[in-house]
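Here is a short report on one protein model.

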Amino acid sequence: MSDNPFLTTEKKKATGAVELVARPRVEWQIDPRTDVDFTGEVGLRQYSRRYGNFVTGRSDLQIRHRRNEYLTVAGRASYRRDLVSDALTDSIDFAIDPRSIRESVEGRGSVAWSPNATTTITGEGGWQRLRYPDSDLLETTKAYDFGVGVNKRLSEKLTVGVQGNHTSSRIVNGDNTSVNSLNLTATRRFATFWYGGAQVGVEWTRLRDPVTLSRESRARFNGSANLCYEPDGTSVCLRSALQSEVSGLGGLQREFSVGTAIRHRISEFGTIRSEVDYRRARLPGDGTPARVFRSAVGYEHRIGRNLYLTPNLAYLQRNRRANEKADAFVFSIGLSLRGAGE
């Protein structure tokens with residue numbers, strides 16, 4: 001039930017919905033060195049008024065081959081079809097056109113080589129396509145990226161490294177935008193239950209200014225950080241980032257994001273979870289940053305051997321520009337039957 005499930009600026013009209021979701025998972029060990037993992041989701045949602053029905057889904061196929069103790073190769077292919085209320089803070093694009101459905105297709109490959117016990121050299125590359133059916137504001141975007149990194153474990157608690165990346169994005173029938181970045185990285189375990197990591201560096205962005213129509217190259221700071229506390233039965237993680245992201249509006253957008261996720265098992269049968277996420281970006285040709293915000297709290301209770309009850313409450317908000325705020329409350333209650341292995 002929600003008073004504005006697509007966060008439109010029209011007069012709010014409460015509506016209910018019924019959704020049926022299937023989430024299969026297959027884990028297959030082809031041989032002692034090769035693993036295949038597939039996870040999927042398909043959902044059918046019918047709203048009681050105004051919005052109609054929708055099909056959503058996700059799929060993720062991963063293959064990992066450990067050639068020997070020095071070399072590991074992996075590949076991944078994924079597909080997602082999301083509604084705004086389900087993935088609001090995944091992308092600033094949802095602040096632009098809340099009625100849009102976001103379809104993404106991605107393929108990635110990686111290789112990790114360890115010449116000795118403390119050093120790992122990694123290479124990774126991928127291709128991505130974002131599509132927004134029926135949207136007049138967001139365009140189909142294709143992007144590719146590749147990067148190389150070196151990590152060195154200095155102690156049992158500290159690992160440092162350096163990483164370089166290149167990302168190129170192109171809107172269909174539009175211009176290319178690209179960014180190169182060079183970052184220093186570090187991960188550290190501070191105590192028994194505390195650990196975190198950081199990445200800081202510089203990115204060089206090449207894009208077209210929508211006002212002057214000239215090509216610009218900029219050097220700017222980028223970085224990310226996370227800090228987690230995980231004793232038995234509890235998980236608390238904070239994260240933040242400032243970097244360029246692939247978008248359906250202009251190819252690449254420089255976005256700031258911050259969020260937290262909390263999970264606490266209160267008993268053998270019940271778990272409480274909470275999330276807060278915020279994302280902001282200054283859009284081309286617009287002086288006011290666009291913003292999206294999501295907060296949610298939920299409870300999961302096992303009422304049978306494989307039967308779970310999951311009530312959830314969320315608050316969503318988007319601001320495309322000044323004086324254009326749209327928000328919504330969403331309440332849901334779910335009943336799920338899960339496989340014995342989960």
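## Nonpolar core

This is a predicted model. The largest nonpolar core holds 30 residues. Phe6, Leu7, Phe54, Leu88 and Ile92 touch the most other members. Three strands, β16 (290-302), β17 (307-319) and β18 (325-337), each supply at least two residues of this core. β16 gives the largest share, three residues.

In soluble globular proteins, nonpolar side chains tend to be buried together.

## Nonpolar patch on the surface

Nonpolar residues also form a patch on the surface. Its members are Met1, Ile266, Ile272, Val297, Ile303, Leu309, Leu313, Phe329, Phe331, Ile333 and Leu335. Together they have about 1100 Å² of accessible area. β17 and β18 each supply at least two residues of the patch. β18 gives the most, with four residues.

Phe331, a patch member, sits in strand β18. Phe331 has 43% relative accessibility, so it counts as partly exposed.

In a regular strand the side chains alternate between the two faces of the sheet.

Strands β9 (residues 158-171) and β10 (residues 176-189) run antiparallel. 13 bridges join them. Within the pair, Gly164 stands opposite Leu182 of β10.

The two strands form a hairpin, with four residues between them. Asn173 is in the turn. Its phi is positive, about 60°.

Lys157 lies in the loop between β8 (141-153) and β9. Is Lys157 buried, partly exposed or exposed? Its relative accessibility is 43%, so Lys157 counts as partly exposed.

Leaving aside neighbours within four places in sequence, Lys157 is in contact with Thr187, Arg188, Arg189 and Phe190. Phe38 is elsewhere: 119 residues separate it from Lys157 along the chain, and their C-alpha atoms are separated by 32 Å.

## Leu227 in β12

Leu227 is placed in strand β12 (residues 215-229). Its relative accessible area is 34%, so Leu227 is partly exposed.

Which residues does Leu227 contact, leaving aside its neighbours within four places in sequence? They are Phe190, Trp194, Tyr195, Gly196, Val236, Cys237 and Leu238. Phe190 is also among the contacts of Lys157. Ala198 is 29 residues from Leu227 in sequence, and their C-alpha atoms are 8.9 Å apart.

## Salt bridges

How many salt bridges does the structure hold? There are 24. One of them joins Glu41 to Arg23, with the closest N and O atoms 2.9 Å apart. Glu41 lies in strand β3 (residues 34-47) and Arg23 in the loop between β1 (17-22) and β2 (25-31), so the pair ties together parts that are 18 residues apart in sequence. Glu41 is partly exposed, at 25% relative accessibility. Arg23 is exposed, with a relative accessible area of 58%.

Asp86 forms a salt bridge with Arg45, and here the closest N and O atoms are 2.9 Å apart. This pair links distant parts of the chain, 41 residues apart. Asp86 is in the loop between β5 (71-82) and β6 (102-116), whereas Arg45 is in strand β3. Asp86 has a relative accessible area of 35%, so it is partly exposed. Arg45 is at 10% relative accessibility, so it counts as buried; the cut-off for buried is under 20%.

## A strand-to-strand pair and a network

Arg294 forms a salt bridge with Glu275, with the closest N and O atoms 3.0 Å apart. Both partners are in strands: Arg294 in β16, Glu275 in β15 (residues 270-281). They are 19 residues apart, and the pair links distant parts of the chain. Arg294 counts as buried at 19% relative accessibility, because buried means under 20%. Glu275 is partly exposed, with a relative accessible area of 37%.

Other charged residues are linked through shared partners. Salt bridges join Asp60, Arg76, Glu106, Arg108, Glu124 and Asp145 into one network.

Technical notes: Residues numbered from 1 in each chain as written. Predicted model: local features only at pLDDT ≥ 70, side-chain atom pairs only at ≥ 80, totals over all residues. Heavy atoms only, no water. Pairing = 2+ DSSP bridges. Core = buried A, V, L, I, M, F, W, Y, C linked by side-chain atoms within 4.5 Å. Buried < 20%, exposed > 50% of the residue type's maximum accessible area, 1.4 Å probe, protein only. Patch = residues over 30% accessible without salt bridge, like charges linked within 9 Å, V, L, I, M, F, W, Y side chains within 5 Å. Areas by Shrake-Rupley, 256 points an atom, 1.4 Å probe, with all protein chains shown as cover. Salt bridge = Lys/Arg side-chain N within 4 Å of Asp/Glu carboxyl O. Contact = heavy atoms within 4.5 Å.
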